[in-house]
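Colleague: Please take me through this model, one question at a time.

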Amino acid sequence: MSAASRASMRSNRTALRARRRTISRVRRRAALGAGAAAVALFASACSSGGTSGGGGDTGFITGSDGIATVEKGDRAAAPDLSGDTVDGKTLDVKDYTGKVVVLNVWGSWCPPCRAEAKNFEKVYQDVKDDGVQFVGINTRDTSTGPARAFEKEYGVSYPSLYDPTGKLMLRFEKGTLNPQAIPSTLIIDRDGKVAARTLQALSEEKLRKMLDPVLAEK
């Protein structure tokens, strides 16, 4: 092999390594960007939530009780909420179209989530035969073990999607009734549209207050 050929091969290998390093850097930056977005979304995690109200063209208003609601004709469809559950099964919220869905975002590490857990299970047992399905979204637990222990401790019998990095939450469009804290609770109507939201831990009474108007809709 001539000296010129060897030099050409070395040049090609150097260029290939440079391209690989560039691709690796781009992928790392993309991953960091996604992680930062999830962290930003949950910057107020495990707080008592807020009462961010509607404004402009958001189409929703928030009452003094911290519950935001949208008139039936103005509701946005819930995004794709599907995946593995904390107990290793699969779940797609769209399969519950025709039922009212109570969607609760929680983490085993979150004191307000622990405070409201038994309230949710109590209401679920009361209404599950009335066309209502409860679904949890467990987030920021680094494994499913703590989530399963939480469900066992508080007697939670309804399923929860496992969403450790908050990817499901990022699917909600800005300007809609999207979850912005942990815990957050949303009511999805029978047509798969988001009817109400709160960003705080709920008593049994307040959960029923959120649910009942949507359940009464025809």
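Colleague: Leaving aside its neighbours within four places in sequence, with which residues is Val127 in contact?

Modeller: The model is a predicted one, in which local features need pLDDT of at least 70 and side-chain atom pairs count only at pLDDT 80 or more, while totals for chains, interfaces and linings use all residues. Residues are numbered from 1 along each chain as its sequence is written, and side-chain values use heavy atoms, without hydrogens and water. With contact taken as heavy atoms within 4.5 Å, and with neighbours within four places in sequence left aside, the partners of Val127 are Val132, Phe134 and Leu211.

Colleague: Is Val127 buried or exposed?

Modeller: Val127 is found in α2, a helix in the DSSP sense (helices are H or I runs of at least four residues, strands are E runs of at least two, numbered from the N terminus). A residue under 20% relative accessible area is buried, one over 50% is exposed, and one in between is partly exposed (1.4 Å probe, protein chains only). Because its relative accessible area is 8%, Val127 counts as buried.

Colleague: How far apart in space are Val127 and Leu215?

Modeller: In sequence, 88 residues separate Val127 and Leu215. From C-alpha to C-alpha, the distance in space is 9.6 Å.

Colleague: What is the order of the strands in the open sheet?

Modeller: The protein has 4 helices and 9 strands. Two strands pair if DSSP finds at least two bridges between them. On that basis an open sheet of 7 strands, with mixed pairing, runs in the order β1-β2-β9-β8-β5-β6-β7.

Colleague: What angle does the direction of α2 make with that of β6?

Modeller: β5 pairs with β6 (residues 132-139) in the parallel sense over 7 bridges, and Asn104 stands opposite Gly136 in β6. α2 packs on the sheet and touches β5, β6 and β8. Axes are lines fitted to C-alpha atoms (for helices over the stretch in contact), and angles run from 0 to 180 degrees between N-to-C directions. For α2 and β6 the angle is about 160°.

Colleague: Which residues line the largest cavity?

Modeller: A cavity is a set of points, on a 1 Å grid over the protein atoms alone, where a 1.4 Å probe fits but cannot get out; a pocket is an open set with protein on both sides within 12 Å along at least five of seven lines, and lining residues have an atom within 4 Å of a point. Points are joined across faces, edges and corners, and a volume is the space filled by probe spheres set on them. The structure holds 1 cavity of 30 Å³ or more, and the largest has a volume of about 50 Å³. Its lining is Asn104, Trp106, Cys113, Glu116, Ala117, Phe150, Val156 and Tyr158.

Colleague: Which element gives the largest share of that cavity lining?

Modeller: By class the lining has 6 nonpolar, 1 polar and 1 charged residues, where Ala, Val, Leu, Ile, Met, Phe, Trp, Tyr, Cys and Pro are nonpolar, Asp, Glu, Lys and Arg charged, and the others, Gly among them, polar. β5 (100-106) and α2 (111-127) each supply at least two of the residues. The largest share, 3 residues, comes from α2.

Colleague: Which element gives the largest share of the lining of the largest pocket?

Modeller: The largest pocket has about 240 Å³ of space. Of its 17 lining residues, Thr69, Val70, Glu71, Arg75 and Ala195 lie nearest the centre. Two or more lining residues come from each of β1, β2, β9 and α4. The largest share, 4 residues, belongs to α4.
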